[in-house]
Amino acid sequence: MPKAVFPNRFLPYLLLAPQVAITLVFFYWPASQALYQSTLKEDPFGLKSKFVGLANFAAVLGDPDYLHSVRVTVVFSVSTAVLALALALFLATAAEKVVRGKAFYRTLLIWPYAVAPAVAGLLWLFMFNPAMGTFAYLLRDAGYRWNPLLDGDQAMVLVVVAAAWKQISYNFLFFVAALQSIPRSLIEAAAIDGASSTKRFWTIVFPLIAPTTFFLLVVNTVYAFFDTFGIIDAVTGGGPAQATQTLVYKVYNDGFVNLDLGGSAAQSVILMAIVIALTAVQFRYVERRVHYG
Amino acid sequence: MAKIELNEVRKVYPGNVEAVKGVSLSIEDGAFVVLVGPSGCGKSTLLRMVAGLESITSGTVAIGERVVNALEPAERDIAMVFQNYALYPHMSVRRNLEYGLRNRKMAADEIARRVDEAAKMLEIAALLDRRPGQLSGGQRQRVAMGRALVREPAAFLFDEPLSNLDAKLRVQMRAEIRRLQRRLKTTSLYVTHDQLEAMTLADKLVVLNGGRIEQAGSPMEVYERPASLFVATFIGSPAMNLLPLGAGGLAGLTLPAGAASAAGAGETLGIRPEHMRLVEDGAPQPQDMVFDLTVSGVEVVGAESFIYGTLPEGGPEVAVRVPGYSHVEPGTRLVAAADTANLHRFDQKTGHRL
Ligand SMILES: Nc1ncnc2c1ncn2[C@@H]1O[C@H](COP(=O)(O)OP(=O)(O)OP(=O)(O)O)[C@@H](O)[C@H]1O
Ligand SMILES: [Mg+2]
């Protein structure tokens, strides 16, 4: 690659400066603050704080509420990712078969992605609110005891559905692209080779889009972990009885509502470690995918 | 093994594109039939209708004694070799070969026997554990053939299977396909736009143009008695020389007395380059037609050369085959002759042979 030569030796640094400044201000500074805070303990009035080392981490990891929240997060994230992936894949394969109005159908499916998380949460809340939701009404009419405000499992189902709904568009786009990249002759060869359409899907199509599926699995898990605060806040507020309190939600709740800054910061640091781990997996994977083709 | 019978087969694609306009064709059991024609003439469409990959708008396709119009590709007992090979990239070569047999719930020992046999026949035994991505183009081509072979189908269908190979490999694979087909005696329908490939492979050559059959027959028949101007120019390289006659004949062309009265205006005469000779190599005979040419170029092929020359007054260009290395300079004036016994005559309006 040819090397760019700048007329002034300070110019390149000047050009880089905004990017570096943004990274410093918006990532390294809060991150270091979180790290610093996580080693401090504040008195109940927030007047003094003292250094406690790893005590906050020990407290967080030993807290049954925190471990409960980990379980909730795992259930929520896996369910959301799997649901969003499965539905998007189903819709993408269906879109392949649409003959007329393909573009229109695809455009419609992409819209939900433009809806803000909190708004998405509200939409689902309105539909399924036990007091006024249309679907809640229908469910109860059908003899089902629907009350996500009291029933933790139902609340979980509701946030999972709302969170997955928003992610389907994104997944759909990737799946459509992946499906289109499979040469048609491959499917035709399999048809001649006597594979039914179900069999073709599982033995040819699915393995060939596996790289995309894996990539999306990571992206969706990260999304469910970190980007669903708005939805949970709007739909359940973490309740009932912490049944939908994910790790991110708990950071917010402990830090800003319960004002346990040290504990909240320790949780943030743990979360940060999880993001870094997930991102590392993703990057390694994306890199491998580049070599794959 | 089976014969294939096409009866008035038509294909209209959405958007009212009529790709195949009523094709009737009978393929004998064990025959190697090659469909040849220019790009877009409907070759692939026709083949895909036989395979069941494209619906048939009207007419019938029968394989063996069965009309297969309504059958799925898998039920037609055919195997197809695709232009891009269409190997399953995530499966080993062995799995690729086995796939069609496993789907048909064949016994494991029979599958193993067939795969080994095909692998031996195609010399790919050493490649069985590799993925298609780890093979060269020629090896992939062999695997694609192998996948068709192991099925032991009633018919093989090929859609330009050699067009992704380099020239040398193409000639080699061409010979190999021919040899295999002779040995297995499986009815084969082969699509290509390469007339040389078509000539060398076919028992029966079918020239397609604009969705219709122009001519069907043995390669020699088609070459020696082209049924139309289209076939005359499509088959043979360089193409047949065409001489459209006007009211006063054609400037620079002298026909022998007898032929001159027979061939009149509104006719196009055709003569192949190999039937032409330079007059310096032998004086014109009474039955010869004589050309007055100005050399426009020379193409040296090796063992022979083609001299291109134009007739005067903006007349057509004709090619003359001469043995060996020709040193003629462009602009030289030459006299060429050809025996009228080798003449082809076509109607200018309809393009049909007279
Ligand atoms: N799916 C389709 N929809 C509409 N028209 C089509 C479709 N497939 C092919 N055609 C048209 O039908 C005609 C015949 O196509 P076909 O693929 O059979 O040509 P071909 O003889 O195989 O050409 P080539 O040598 O380039 O492969 C073409 O004019 C093509 O544009
Ligand atoms: Mg074609």
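In chain A of this predicted model, helix α8 (residues 184-192) packs against helix α9 (residues 197-208) at an angle of about 155°, and their axes are 10 Å apart. Axes are lines fitted to C-alpha atoms, for helices over the stretch in contact, and angles run from 0 to 180 degrees between N-to-C directions; helices (H or I, at least four residues) and strands (E, at least two) are DSSP runs, numbered from the N terminus. The angle makes α8(A) roughly antiparallel to α9(A), a term applied to angles over 145 degrees. The crossing of α8(A) and α9(A) is right-handed, that is, the near helix is turned clockwise from the far one by less than a right angle. Contact (heavy atoms within 4.5 Å) involves Leu186(A), Ile187(A), Ala190(A) and Ala191(A) of α8(A), which meet Arg200(A), Ile204(A), Val205(A) and Leu208(A) of α9(A). By class, 7 residues of this contact are nonpolar, none is polar and 1 is charged. Here Ala, Val, Leu, Ile, Met, Phe, Trp, Tyr, Cys and Pro count as nonpolar, Asp, Glu, Lys and Arg as charged, and the others, Gly among them, as polar.

A further helix pair in chain A is formed by α7 (residues 152-180) and α10 (residues 210-226), whose axes come within 11 Å and cross at roughly 160°. Helices α7(A) and α10(A) are therefore roughly antiparallel to each other, and their crossing is right-handed. The contact of α7(A) with α10(A) comprises 9 nonpolar, 5 polar and 1 charged residues.

In chain B, the surroundings of ligand 1 (residues with a heavy atom within 4 Å) include Tyr13(B), Cys41(B), Lys43(B) and Thr45(B). Polar contacts, pairs of N or O atoms within 3.5 Å, also occur. An N or O atom in the side chain of Ser39(B) lies 2.5 Å from an oxygen atom of ligand 1. For polar side-chain atoms of Ser44(B), the distance to a ligand oxygen is 2.6 Å, and for Glu160(B) it is 3.3 Å.

Two backbone features were also found in chain B. Most residues other than glycine have a negative phi, and most peptide bonds are trans. Ala86(B), not a glycine, has a positive phi of about 55° and lies in the loop between β6 (78-81) and α2 (93-103). Ser237(B) and Pro238(B) are joined by a cis peptide bond with omega of about -5°; Pro238(B) lies in the loop between α8 (229-234) and β11 (241-244) of chain B.

Residues are numbered from 1 along each chain as its sequence is written, with chains lettered from A and ligands numbered from 1 in the order in which they are written. Local features need pLDDT of at least 70, side-chain atom pairs count only at pLDDT 80 or more, totals for chains, interfaces and linings use all residues, and side-chain values use heavy atoms, with hydrogens and water left out.

How values were computed: Angles under 35 degrees count as roughly parallel, over 145 as roughly antiparallel, 65 to 115 as roughly perpendicular and the rest as oblique. A polar contact is a pair of N or O atoms within 3.5 Å; within protein, one must be able to donate a hydrogen and the other to accept it, and residues adjacent in sequence count only if both atoms are side-chain atoms.
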